[in-house]
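Thanks for making time this morning.

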Amino acid sequence: MWTPARLQEVVKTKLADRLFVVVSNREPYIHRYAEETVVCDSPRSGLVVALDPVMQSCGGVWVAHGSGPADRDVVDSADHIEVPPEDPKYTLRRVWLSKEEEDGYYYGCSNEALWPLCHIAYTRPKFDESDWEMYRKVNEKFAAAIADEIGDRSAFVFIQDYHYALLPRFLKERCPNVVTAHFWHIPWPNAEAFRIFPWKEELLQGMLYNDLLGFHILYHCQNFLETVDRTMECLIDREQSTVTVGGKSTLVRPFPISVDFEGISQAADTPECAAEMKRLRKHFGLKTEFIGVGVDRLDYTKGIPERLMAIDRFLEKYPAYRKRFTFLQIAVPSRTHIDTYKEIDQRVFELTEEINWKHGEGAWRPIVLERQSHPPHALRALYRLANVCVVTSLHDGMNLVAKEFVAARTDEDGVLVLSQFTGASRELTDAILVNPFAVDQMASALAEALAMPEPDRKKRMAKLRDQVRFNNIYRWAGKALSTLFRFEFVEA
Ligand code: GDG
């Protein structure tokens with residue numbers, strides 16, 4: 001079993017005297033103003049939950065985009081701040097981006113081109129030469145900052161996500177004495193879908209400077225190998241899962257990401273969580289016998305309109321559930337500068353209004369839409385009070401909400417309805433798996449979930465919990481990092 005202690009031990013032993021560097025767009029610690037003072041928040045994403053303790057026990061540098069309003073006020077002349085602020089253990093190096101850079105690299109190339117390209121959700125990617133140039137420029141800027149941190153030391157560098165496809169190349173050209181692993185948090189589509197990317201050769205060349213390249217599932221690894229095979233001169237060893245270009249090999253492996261199972265379970269099994277459940281029931285006016293929840297960023301890949309249409313169909317097909325079922329959708333605004341995100345927000349709002357108007361009776365409305373973010377303890381309480389949690393992504397690398405729901409259910413109750421197009425569906429086979437493009441099928445799945453006898457619910461949830469307990473976030477980091485630490489350094 002992978003635990004935080006085992007992960008820290010492995011890293012400490014294998015890292016020896018090498019420097020450990022993590023690179024991500026989002027920071028593990030962000031500074032903002034609160035009235036007269038500056039406060040520091042630490043958004044507890046899966047990545048931060050797994051890697052912050054590792055960094056705290058081994059030291060090293062985390063390089064990220066300094067995006068907090070008060071970030072510049074607290075760094076030293078080298079753009080460093082020691083974190084966690086109350087008991088410093090490692091260095092956070094902030095990279096500053098101008099508005100223009102953020103627009104081109106983050107909103108443009110990463111989220112209007114690569115995001116829709118990698119997710120088969122039928123949203124057309126937008127390719128803009130100047131966004132690509134900005135993406136290249138920002139990748140170079142990050143490479144320069146990392147090289148500056150490393151100097152002439154040997155370092156293991158763990159790069160996160162699709163914002164940095166060109167970074168491995170720029171970094172290795174500057175510092176030959178680094179070994180890099182790159183984890184791609186979103187799907188890799190089939191070669192047919194990827195071939196429309198106008199700068200595909202350059203992007204793939206950049207990624208193939210990595211020693212290790214990780215995706216959530218084997219299918220994405222296979223898609224990647226196939227894409228490389230069709231795009232460039234290379235040698236592919238499918239048995240070993242390696243690509244060799246110009247004598248340099250990259251190992252391509254699946255590492256399914258997960259959640260802090262024990263942490264979530266423990267926090268969900270407390271009187272505080274029970275009190276929060278009561279409070280939220282009242283706050284959202286959840287008075288019905290059956291409750292469903294959905295928790296997502298407001299993103300067109302998450303299949304929220306499809307889910308709402310399925311609820312509409314469910315109430316038509318099974319009228320006995322009228323006034324007995326309420327669905328709470330937490331939809332957190334995301335990437336709001338992008339038109340497709342404004343459109344999905346509008347569509348979700350309008351569909352909710354229509355469905356509530358069509359089915360609503362007296363004080364009862366079938367859908368409660370909450371377009372704002374909630375703290376983790378509120379999400380845990382919502383997971384606990386739901387009879388069914390619905391995840392209907394049109395395409396999703398993994399989907400952590402599904403795993404968080406399972407981790408929160410220490411009562412071994414509740415049913416998970418899960419899209420078969422999420423990475424999570426490969427592991428969570430005791431969920432009710434659905435095709436989110438088939439609205440009628442989803443309506444039947446909802447009915448099946450709500451009518452499921454208690455012994456069946458408990459049996460399924462116990463199996464789901466065993467799965468997430470074993471394949472937890474520490475296993476993800478442990479497996480990826482032990483694979484990374486096996487690479488030899490090329491002595492300069
Ligand atoms: C990408 C990939 C992959 C949501 N609402 C609130 C809130 N959340 C948290 C959830 C969960 C996280 O956000 C969402 O994670 P997902 O995995 O569901 O989706 P993406 O954001 O698209 O993540 C995905 C992931 O990277 C990791 O590799 O699984 O496939 O697309 O943890 O709880 N958190 C808080 N308030 C909210 O209102 N605090």
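A residue counts as near a molecule if one of its heavy atoms lies within 4 Å of it. What we have is a predicted model, where local features need pLDDT of at least 70 and side-chain atom pairs count only at pLDDT 80 or more, while totals for chains, interfaces and linings use all residues. Residues are numbered from 1 along each chain as its sequence is written, and side-chain values use heavy atoms, with hydrogens and water left out.

Around the ligand there are 19 residues, of which H185, H374, D396, L400 and E404 come nearest. Looking at polar contacts, meaning pairs of N or O atoms within 3.5 Å, an oxygen atom of the ligand is 2.4 Å from an N or O atom in the side chain of E404, and for the side chain of K302 the corresponding distance from a ligand oxygen is 3.0 Å. A polar backbone atom of G397 is 3.1 Å from an oxygen atom of the ligand.

Turning to the cores, a nonpolar core is a set of buried Ala, Val, Leu, Ile, Met, Phe, Trp, Tyr and Cys residues joined through side-chain atoms within 4.5 Å, where buried means under 20% relative accessible area with a 1.4 Å probe, protein chains only. The largest has 94 residues, and F224 and F325 have the most contacts inside it. Domain 1 (4-257 + 474-484) and domain 2 (262-470) both give residues to this core, so it lies between them, with the bounds taken from an automatic or database domain assignment. Apart from it lies another core, of 79 residues, including W2 and F158.

Methods
Buried < 20%, exposed > 50% of the residue type's maximum accessible area, 1.4 Å probe, protein only. Polar contact = N/O pair within 3.5 Å; in protein donor to acceptor, adjacent residues only side chain to side chain.
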